[in-house]
Number of protein chains: 2
Amino acid sequence: MSVTGRNRFERRRSQTRQALVHAAREILAESGDTSTSIRAIAERADVGFGSFYNHFTCKPDLFDAAVADALEDYAEAIDDRLRGVEDPVERLADGMRLSAHLAGSHPDIMRILCHSGLGRLCAGHALARRAKRDMEQGMASGRFAAVDPVSALTALNGSLLALLQLCFTLPQVDSDQVASKMVEMLLHLLGPSADEARGLARRPLPSAAS
Amino acid sequence: MSVTGRNRFERRRSQTRQALVHAAREILAESGDTSTSIRAIAERADVGFGSFYNHFTCKPDLFDAAVADALEDYAEAIDDRLRGVEDPVERLADGMRLSAHLAGSHPDIMRILCHSGLGRLCAGHALARRAKRDMEQGMASGRFAAVDPVSALTALNGSLLALLQLCFTLPQVDSDQVASKMVEMLLHLLGPSADEARGLARRPLPSAAS
């Protein structure tokens with residue numbers, strides 16, 4: 001196959017996968033009913049039934065990928081907002097507070113979370129990967145205490161998911177206020193003094209890129 | 001209707017509801033596939049199709065009740081272990097650590113959690129109700145700082161769910177050790193000194209009733 005031919009093949013292959021993932025995201029956002037057949041998903045994605053197995057071994061595989069894809073999109077949107085924030089402690093604080101706006105800013109992704117089992121959520125949590133990096137950098141710089149990273153990340157990850165759920169279920173709650181208070185507590189837990197944690201959790205959030 | 005007749009009626013009514021909830025719990029534990037028809041659920045529960053609507057307005061209603069019922073069972077098992085622990089701070093610490101054993105001790109309930117969306121989990125979280133009571137008592141007694149209760153409970157609830165998920169996904173993890181470290185961090189967050197939190201998170205757990 002020529003180089004051009006291979007590139008076209010790879011591009012088409014990637015488009016097919018993305019079409020399947022996109023269809024699965026729609027299903028999760030609409031109803032969360034994952035019992036629909038692979039054939040129906042392929043039809044919705046407008047790809048051949050057989051091509052499903054070129055990309056996924058089974059249906060749960062596809063839905064795992066769909067949740068991971070949605071969370072990756074959201075994490076990238078937060079990354080955009082955090083561009084220019086270099087301090088890992090500030091990144092962690094701002095990142096969690098920005099995440100709390102998910103219910104309002106990305107209702108489709110929020111519905112995917114609500115419809116997805118805990119197993120799928122924790123497996124594909126792109127935000128947690130970033131939190132891990134910020135936490136490790138914060139510990140390396142000495143600003144975070146040397147806590148057990150598994151316990152700390154589990155607490156951050158779970159707290160954030162529960163916060164999102166709370167803001168979605170009770171839209172009357174001031175999500176920024178609850179998020180600030182939770183971030184203040186969680187930062188204090190990681191080492192900074194109560195006063196420093198309060199300051200970090202209340203600083204103005206970086207504005208959206210114009 | 002005579003008193004005896006009414007009692008029999010009420011008893012039967014409650015049995016029908018419980019049979020439906022039990023069937024829904026089985027479905028959630030087996031596959032989490034909630035697309036099965038109400039008729040199939042009624043057949044599995046061995047009750048008449050029509051009686052479904054005497055108890056539930058729709059299928060999601062039933063599955064919400066099933067998750068709440070499973071968590072209530074588990075919370076009661078933990079209550080049994082905590083009988084005799086009067087200090088609310090110790091209750092909270094021991095309760096979270098005991099909860100972490102869910103994956104091992106009640107695999108059916110753990111599978112229900114893994115298969116259930118975040119919305120359903122947070123709505124029916126009987127453990128969180130108990131944590132709320134212990135936290136309020138801890139604050140009233142002055143041993144917990146006056147933190148924002150919504151933020152603190154959201155963090156506790158989410159952390160615990162993520163911890164359960166972690167222990168289930170990675171059975172090689174020493175769940176008691178991770179749980180102790182997480183509880184130590186979370187307690188410190190609620191007010192007790194680092195040393196006191198460490199002691200509380202490592203004290204011997206109350207043994208199972210003989």
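## Arg202 at the end of helix H12 in chain B

Arg202(B) lies in helix H12 of chain B, which covers residues 194-202. In this predicted model, Arg202(B) has 16 other C-beta atoms within 10 Å and is therefore classed as partly exposed, since that class falls between the limit of 12 or fewer for exposed residues and 20 or more for buried ones. Although Arg202(B) and Gln177(B) are 25 residues apart in sequence, their C-alpha atoms are 9.1 Å apart in space.

## Overall architecture of chain A

Chain A contains 12 helices and zero strands, so that, in the order of the sequence, its pattern reads α-α-α-α-α-α-α-α-α-α-α-α. Along the principal axes, the C-alpha atoms of chain A fill a box of roughly 60 × 45 × 40 Å.

Of the 210 residues in chain A, 46% are buried.

## The contact between chains A and B

Chain A contributes 36 residues to the contact, and chain B likewise contributes 36 residues. On the side of chain A that touches chain B, at least two residues each are supplied by helix H7 (107-115), helix H8 (118-123), helix H10 (149-169) and helix H11 (175-190) of chain A. The largest share of that side, 15 residues, comes from H10(A). Sorted by class, the residues with which chain A touches chain B comprise 19 nonpolar, 14 polar and three charged.

H10(B) has 21 residues and reaches 30 Å from its first C-alpha to its last, close to the 30 Å expected at 1.5 Å a residue. Because 18 of the 21 residues of H10(B) are buried, this helix is largely enclosed by the rest of the structure.

Two packed helices are described by the angle between their axes and the distance between the axes. For helix H7 (residues 107-115) and helix H10 (residues 149-169) of chain B, the axes come within 11 Å and cross at roughly 110°, and H7(B) and H10(B) are therefore roughly perpendicular to each other. The crossing of H7(B) and H10(B) is left-handed. On the H7(B) side, Met110(B), Leu113(B) and Cys114(B) meet Leu164(B), Gln165(B) and Phe168(B) of H10(B), and the contact of H7(B) with H10(B) has five nonpolar residues, one polar residue and no charged residues.

Helix H4 of chain B, residues 59-82, has 24 residues and reaches 35 Å from its first C-alpha to its last, where 34 Å would be expected at 1.5 Å a residue, so that the two values are close. The buried residues of H4(B) are Leu62(B), Phe63(B), Ala66(B), Val67(B), Asp69(B), Ala70(B), Leu71(B), Tyr74(B) and Ile78(B). Just after H4(B), Gly84(B) takes a positive phi of about 100°.

H4(B) packs with helix H5 (residues 88-99) of chain B at an angle of about 130°, with the two axes 10 Å apart. H4(B) and H5(B) are therefore oblique to each other, and the crossing that they make is right-handed. From H4(B), the contact draws on Ile78(B), Arg81(B) and Leu82(B), while H5(B) provides Arg91(B), Asp94(B), Gly95(B), Leu98(B) and Ser99(B). The residues of the contact of H4(B) with H5(B) divide by class into three nonpolar, two polar and three charged.

## Asp46 in both chains

Asp46(A) has a positive phi of about 60° although it is not a glycine, and Asp46(A) is found in the loop between helix H2 (38-45) and helix H3 (52-55) of chain A. With 10 C-beta neighbours inside 10 Å, Asp46(A) counts as exposed.

In chain B, phi of Asp46(B) is near 60°, again a positive value in a residue other than glycine. Asp46(B) lies in the loop between helix H2 (38-45) and helix H3 (52-55) of chain B, and with 10 other C-beta atoms within 10 Å, Asp46(B) is exposed.

Key: Residues numbered from 1 in each chain as written. Chains lettered and ligands numbered in written order. Predicted model: local features only at pLDDT ≥ 70, side-chain atom pairs only at ≥ 80, totals over all residues. Axes fitted to C-alpha atoms, helices over the stretch in contact; angles between N-to-C directions. Helix = DSSP H or I, 4+ residues; strand = E, 2+ residues; numbered from the N terminus. Parallel < 35°, antiparallel > 145°, perpendicular 65-115°, else oblique. Left-handed = near helix turned anticlockwise from the far one by under 90°. Contact = placed C-beta atoms within 7 Å. Nonpolar A, V, L, I, M, F, W, Y, C, P; charged D, E, K, R; others polar.
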